[in-house]
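Subject: Structure handover and notes

Dear colleague,

I am passing on a structure for you to look through, followed by notes on what was found in it. Please keep the model open beside the text as you read.

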Amino acid sequence: QINTLRSQSNPHFLFNTLNLLASEISRNPVSAEEMVYDLADLLRDSMRAAEREFSTLEEELRLVRLYLTLQKKRFPDRLEYQIDASADSLTTKLPSLLLQPIVENVVKHVVANSSAVTQLRITSFQKEGRLTVEVRDNGPPVTTLNNAVTGGLRIVEETLALHYLGKASLQRASNAKGACVSIVLPVQQEGS
């Protein structure tokens, strides 16, 4: 089941990134060339991560940064991002490619659909043996929070359920100031 979820996540990520590159080629060929190199780095690192069941949070955040670098080139005036990870959380293990669909969701549903500046902030911290990773944005309120989780968030939720058997969660909240998706899971350090 985990391999099936991972195979669904990889094409989802790849198609979104290729669509980004295709739209940039006609608008700005120089930027598109730079993006090809960034994309190559991102795909290489993503393929390596996909081969492993778990990655460290530090490795996951490196992939997120590569992805956001590409998106910043697509939306230079509409995307700002910040990543604040506590030092003790960086070595915590989590399922590989877990954060990517959450960040993609913000870009697809908030950044791409708004002319305003979207501020995306990712934070992580440990407390009482649990890792919390929050992905926040300042977009409009989400009106579908009560509906079933779909797309990338469904993949994340099911991955957590399979790996942690009810001991991890994906939580969503939204209000006039923006939305927050939180992952909470047991701390498992690299090497354990």
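Why does R44 count as partly exposed? R44 counts as partly exposed because its relative accessibility is 38%, where buried means under 20% relative accessible area, exposed means over 50%, and partly exposed is what lies in between, with a 1.4 Å probe and protein chains only.

Before going further, please note that this is a predicted model, in which local features need pLDDT of at least 70 and side-chain atom pairs count only at pLDDT 80 or more, while totals for chains, interfaces and linings use all residues. Residues are numbered from 1 along each chain as its sequence is written, and side-chain values use heavy atoms, with hydrogens and water left out.

The helix around R44

R44 lies in helix α2, and helices (H or I, at least four residues) and strands (E, at least two) are DSSP runs, numbered from the N terminus. The C-alpha atom of R44 is 10.0 Å from that of L63, although 19 residues separate the two in sequence. Helix α2 covers residues 29–50, and its 22 residues reach 30 Å from the first C-alpha to the last, which is close to the 32 Å expected at 1.5 Å a residue (the expected span is 1.5 Å times one less than the number of residues). The buried residues of α2 are S31, A32, M35, D38, L39, L42, D45, S46, A49 and A50. Seen down the axis of α2, these buried residues fall within an arc of 145°, so they line one face of the helix; the arc is that of the directions from the helix axis to the C-beta atoms. On the face of α2 turned away from the buried side are the exposed residues V30, Y37 and M47.

Helix α5 has 14 residues and reaches 20 Å from its first C-alpha to its last, close to the expected 20 Å. In α5 the buried residues are G152, L153, I155, V156, T159, L160, H163 and Y164, and because they fall within an arc of 155° when seen down the axis, they line one face of the helix.

Leaving out residues up to four places away in sequence, L160 touches L98, L165, A168, S169, L170, I183 and L185, where contact means heavy atoms within 4.5 Å.

The strands

Strand β4 (residues 118–127) and β5 run antiparallel and are joined by eight bridges; two strands pair if DSSP finds at least two bridges between them. In this pairing L120 stands opposite D137 in β5, and R121 has R136 of β5 as its bridge partner. The hairpin of β4 and β5 has two residues between the strands, and E128 there takes a positive phi near 50°. Strand β5 also pairs with strand β7 (residues 178–186), again in the antiparallel sense over eight bridges, with V135 opposite V181 in β7. Six of the eight residues of β5 are buried, so that strand is mostly covered. By contrast, β2 and β4 run parallel and are joined by seven bridges, with E80 opposite Q119 in β4.

Two loop residues

S89 sits in the loop between β2 (79–85) and β3 (93–95), and S89 is buried because its relative accessible area is 0%. Apart from neighbours within four places in sequence, S89 is in contact with L57, S124, F125, Q126 and L131.

P141 belongs to the loop between β5 (130–137) and α5 (151–164), and with 46% relative accessibility P141 counts as partly exposed. The C-alpha atoms of P141 and N175 are separated by 5.0 Å, though the two are 34 residues apart along the chain. Not counting residues up to four places away in sequence, P141 touches S174, N175 and A176.

With best wishes
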